[in-house]
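Please consult the sequence and structure below.

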Amino acid sequence: MNIKVNRNAFGRQLDSFEVELPVSKLGDEPFHAVFIRAPVVTETGKGVETLATLEDGQVVAVQSGHLLATAFHPELTDDNRLHEYFVNMAKKKSK
């Protein structure tokens, strides 16, 4: 994916946090995002769409074609919308 990231951008594991995050492709309801030693996207290149940013503008979810990247851990919540979105992306790619 045509991006640059800053690893562990939010600090150590002790600095982990959770936030209600608007994700453009998932509708109006925010996604409960869990950030643990999370990176942040510092640059996006051609063909990369930003899907979510924190309130301060830091990019934390991107898509490029059939590739999806998040700085948070969607598997740590009961909200399956991001997983469903990814599965639908994969289905479209395989056609």
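Alanine 52 stands opposite alanine 61 in S6. The model is predicted: local features need pLDDT of at least 70 and side-chain atom pairs count only at pLDDT 80 or more, whereas totals for chains, interfaces and linings use all residues. Residues are numbered from 1 along each chain as its sequence is written, and side-chain values use heavy atoms, with hydrogens and water left out.

**Strand pairing**
- Strands S5 (residues 49-53) and S6 (residues 59-64) pair in the antiparallel sense over four bridges; strands are DSSP runs (E, at least two residues) numbered from the N terminus, and two of them pair if DSSP finds at least two bridges between them.
- S5 and S6 form a hairpin with five residues between them, and glycine 57 in the turn has a positive phi of about 95°.

**Aromatic contacts**
- The structure holds five aromatic pairs (ring centres of Phe, Tyr or Trp, the latter by its six-membered ring, within 6.5 Å; planes under 30 degrees apart are stacked, over 60 edge-to-face, the rest tilted).
- Phenylalanine 10 and phenylalanine 17 form an edge-to-face pair, at 5.2 Å centre to centre and 75° between the planes.
- Phenylalanine 31 and phenylalanine 72 form a tilted pair, because their planes stand at 45°, with the centres 5.7 Å apart.
- One aromatic cluster is formed by Phe10, Phe17, Phe31, Phe35 and Phe72.

**Accessibility**
- Phenylalanine 31 is buried at a relative accessible area of 0% (buried: under 20%; exposed: over 50%; partly exposed: in between; 1.4 Å probe, protein chains only).
- Phenylalanine 72 is buried at 3% relative accessibility, while phenylalanine 17 is partly exposed at 27%.
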